[in-house]
Amino acid sequence: MTRLVVANARDAADERELAEQVCQACVDGLDVDGAAISLLPTAATRTILAATDATARLLEDLQFSLNEGACMEAAYSGRPVLVPDLHHDHHTARWPLFAAAVAERTAVGALFALPLQWGAVTLGVLDLYRIAPGQLADDQWSDLSAVADTTTWLFLGHRTMPGPALQVPVPPDGPGPGSVGHTERWLDETTGYRAEVHQATGMVLAQLGCSPTEALARMRGYAFGHDMLLADVAREVVARRLTFTEETP
């Protein structure tokens, strides 16, 4: 898998194409059914660079909307998160909302999330899912770890540029071991930031006179209360069909 990723990276036109190649290599080389790569998953500017299928994309959206799940834990902690059986309470007790949403909307049985790290900085997360529960084999886990490390360096090498730091919101309970307040601005607008979520966060903080962290939390709360994805709430805010006030539930 690692050799395949490195070989194909030479022909990748941008970060999205590179991410698509990495995700497809994981599906082809491992016992998994889908994969996705998200960048800055704990930030309002988070983006999904690639997803192999609709289920992989839905899992990303659910985790970002609910602010919990394997991807979010890997991003905050800076450590791999392996969930061999999503149907077992032992593995999902810390994400009750996410686990319930996955069970209701998908047939996914296992999740594996690996942070893409540069030193102490978590740039993104490689997520994989499988319909059948079960651990990855030792040789597959070894190959996957190498792919995650290689992917991080390929991203950095593909688009590294000088400039001001990109501010990354810190979780309400403080940064985890693998998170920091900023990272180098190695991405620009062409990487497809979650523009609507970012724009909506700015509109809500202006409406409420609050911080960006609180504005994002209010939108997440509204999404949960109305059984919506965060992206859908952001779209309503940007279109001015939804305005937040102190009385907004």
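1. Let's start with a term you will need below: a crossing of two helices is left-handed if the near helix is turned anticlockwise from the far one by less than a right angle, and right-handed if clockwise. Helices (H or I, at least four residues) and strands (E, at least two) are DSSP runs, numbered from the N terminus.

2. A word on the model before we look around. It is predicted, so local features need pLDDT of at least 70 and side-chain atom pairs count only at pLDDT 80 or more, while totals for chains, interfaces and linings use all residues. Residues are numbered from 1 along each chain as its sequence is written, and side-chain values use heavy atoms, with hydrogens and water left out.

3. Now find helix α3 (residues 54-66) and helix α6 (residues 96-105), whose axes come within 10 Å and cross at roughly 150 degrees. Axes here are lines fitted to C-alpha atoms, for helices over the stretch in contact, and angles run from 0 to 180 degrees between N-to-C directions. The two helices are therefore roughly antiparallel (the word is used for angles over 145 degrees). The crossing of α3 past α6 is right-handed.

4. Which residues of α3 and α6 meet? From α3 come Leu58, Leu59, Leu62, Gln63 and Leu66, and from α6 come Leu97, Phe98, Ala101, Val102 and Arg105. Contact means heavy atoms within 4.5 Å. By class, this contact has eight nonpolar, one polar and one charged residues (Ala, Val, Leu, Ile, Met, Phe, Trp, Tyr, Cys and Pro count as nonpolar, Asp, Glu, Lys and Arg as charged, and the others, Gly among them, as polar).

5. Next, look for the open sheet: five strands in the order β2-β1-β5-β4-β3, with antiparallel pairing. Strands pair if DSSP finds at least two bridges between them. Because β2 (47-51) and β3 (81-83) stand at the edges with a single partner strand each, one side of each has no neighbour in the sheet. Three bridges join β3 to β4 (residues 110-118), and Val81 stands opposite Ala113 in β4.

6. Helix α2 (residues 15-29) lies across β1 (34-39), β2 and β5 (121-130), at about 50 degrees to β2.

7. Finally, is Leu230 buried or exposed? Its relative accessibility is 0%, so Leu230 counts as buried (under 20% relative accessible area, with a 1.4 Å probe and protein chains only). Leu230 belongs to helix α10 (residues 230-238). Not counting residues up to four places away in sequence, Leu230 touches several residues, including Phe64, Ser65 and Val197.

Conventions. Buried < 20%, exposed > 50% of the residue type's maximum accessible area, 1.4 Å probe, protein only. Parallel < 35°, antiparallel > 145°, perpendicular 65-115°, else oblique.
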